[in-house]
Amino acid sequence: MQDHRCRGARWHENKSENCDRRGRCGWLGDVIRRHGATRRHLRPLTLFDPSFRREYRSARGYPYRADPTEPLLNAPARMMSVRPDDEADFTRWLDRTRSLTSATNTYVSRPTFGSYLRDSLSELRRIWDSRDGLLHCVPEEVVVIAETAAGRYRLETSGALYRDYDHVILCVGWRTDDLSHSEGGVRAYPLAPAVERGAGCKHVGIIGTGLTSIDVVRGLLLRGFDGKITAASRRGLLPSARNEVSSLTPELYTRSALSRRDGLDLRESMALIEAEAHHHAVDLSVPKSLLRGDRSRSMHIEYLNSGLHDGWSDLFVKLCDEVACDSWNLFDATSRRIFRQVIHPYFQAWCNPMPPVTARLVRDAIESGQLEVRAGLEGFNEREMRFSDGDIRRPQLIVNASRGGSDSIGSTRTPLLSSMLNDGYAVPDAFGGVQVEYGTWEVLSATGRSQRLYAVGSLTQGARYYVSALDSIVRAVREVAHAIEQRRGEQPVALQSSIAGS
């Protein structure tokens, strides 16, 4: 088997009982791997990811693969470094490889970011080689995790057995390789084929109104599509526009303030948001109108315009980054349930805004009448969209841009998750993902015994709530690294020695 980017892609069983080993997989590995670049001598690390089978996909992750339509990152380049100690790493890479000017505020394409991740892995290999480290890249997906009699972990893929890992970190993502649902419709990703098919139609329907739907709308408009676009979902709620003007910093609703509390309910959280808005003289009338159900065309236009220029959009992004995880951890079960049922879709739309240039494109399409954003979607198939008011639309093409991102990861029934749940290594969390210990992100077993299994990202949804932002992921990685080093009896350092993951 070829090893494109890592030394020792084939497995070589380690006979030494004293060797501390780790492995992981998914694009999140680039964040983890970066933490291993500070120690002089590096212990063995094994990375599991099917993308290693093909060099051009290696380390990219599904959302960042090559795509001719060049969908954009929804955050500026200055926020997308995978190095927590070096925020300018990505912008320097852009300058070095693309000669971009003013890259700090550039919204670059996701395939470009994928190339950055790929190059980051190549750099890691150079670091590992120079320090006598053993870095294994296994181009397979882990399907079973089991503990050995010696207290270490054995990992199984569909074709091989790997064992003697001291720690395992799971970074399995949202399973975005399957975005289309059973009702039908053309898959939104890869984006280029969907856009190409839609370009020859007079009317394109899009299922979903989130960021994936916006990618499809943007792709069609940039392709020169001049027909009708109907984007529909149950709530008809678009992502907000990323603010270009405001740069506020939360001062009242902060991690420090929450650290002094033993609990928090939803009413208190909403009051803290109001207080923070009042403190910064931020007008919340637009988000309140959306919460009351206003989905008129004029409201969509005002929503995007105000997101670009008013402080409320920046306020929600900053609060999500600052306190979403800690607030969720302090919520009681009733507050969590009400938040997920009522508030969650709005926070997802406001905390994950679209780039300003995209927002203007979408706004102009709404103003001209070319794009209609509809609420009340009740069902669809490959031929029609059905609405709660009895209306039925029959576009020439329906693109399915919906994704069950709010669903429990356990519900995806992947082989790995099924194995862990069936064998008691993990317990489903009622609010998504699996149960973990807050702060260390250790996966909790069915019996409650201590494990050296950790989760980062989507699997911690039930404990963290806000799991998708890069800075939130980096923060969790640091906390996992701290927990591992503490268990080893060493001083906390950047993540560097043994990890296993898939």
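Let's start with what I call an aromatic pair: rings of Phe, Tyr and Trp, using the six-membered ring for Trp, pair if their centres lie within 6.5 Å, and planes under 30 degrees apart count as stacked, over 60 as edge-to-face and the rest as tilted. By that rule, the structure holds 23 aromatic pairs.

A quick word on the source. This is a predicted model, with local features needing pLDDT of at least 70 and side-chain atom pairs counting only at pLDDT 80 or more, while totals for chains, interfaces and linings use all residues. Residues are numbered from 1 along each chain as its sequence is written, and side-chain values use heavy atoms, with hydrogens and water left out.

Okay, on to Phe316. Its ring centre and that of Phe347 are 5.5 Å apart with the planes at 85°, so this pair is edge-to-face. Phe316 sits in helix H10 (residues 311-330) and Phe347 in helix H11 (residues 333-351), so to speak two distant parts of the chain, 31 residues apart. Helices here are DSSP runs of H or I with at least four residues, strands are E runs of at least two, and both are numbered from the N terminus.

Phe316 also pairs with Trp350, and that one is tilted: 4.8 Å centre to centre, 45° between the planes.

The cut-offs are under 20% relative accessible area for buried, over 50% for exposed and partly exposed in between, with a 1.4 Å probe and protein chains only.

Zooming out, ring pairs join Phe316, Phe347 and Trp350 into a cluster that also includes Tyr303, Trp312 and Tyr465.

H9 (residues 297-309) and H10 pack at about 70°, axes 5 Å apart; the axes are lines fitted to C-alpha atoms over the stretch in contact, and angles run from 0 to 180 degrees between N-to-C directions. H9 and H10 are therefore roughly perpendicular, the class for 65 to 115 degrees; under 35 is roughly parallel, over 145 roughly antiparallel and the rest oblique. Tyr303 of H9 and Trp312 of H10 are among the residues making the contact, meaning heavy atoms within 4.5 Å.

Last stop, helix H13 (residues 415-422): its buried residues are Leu416, Leu417, Ser419 and Met420. Just after H13, Gly424 takes a positive phi of about 85°.
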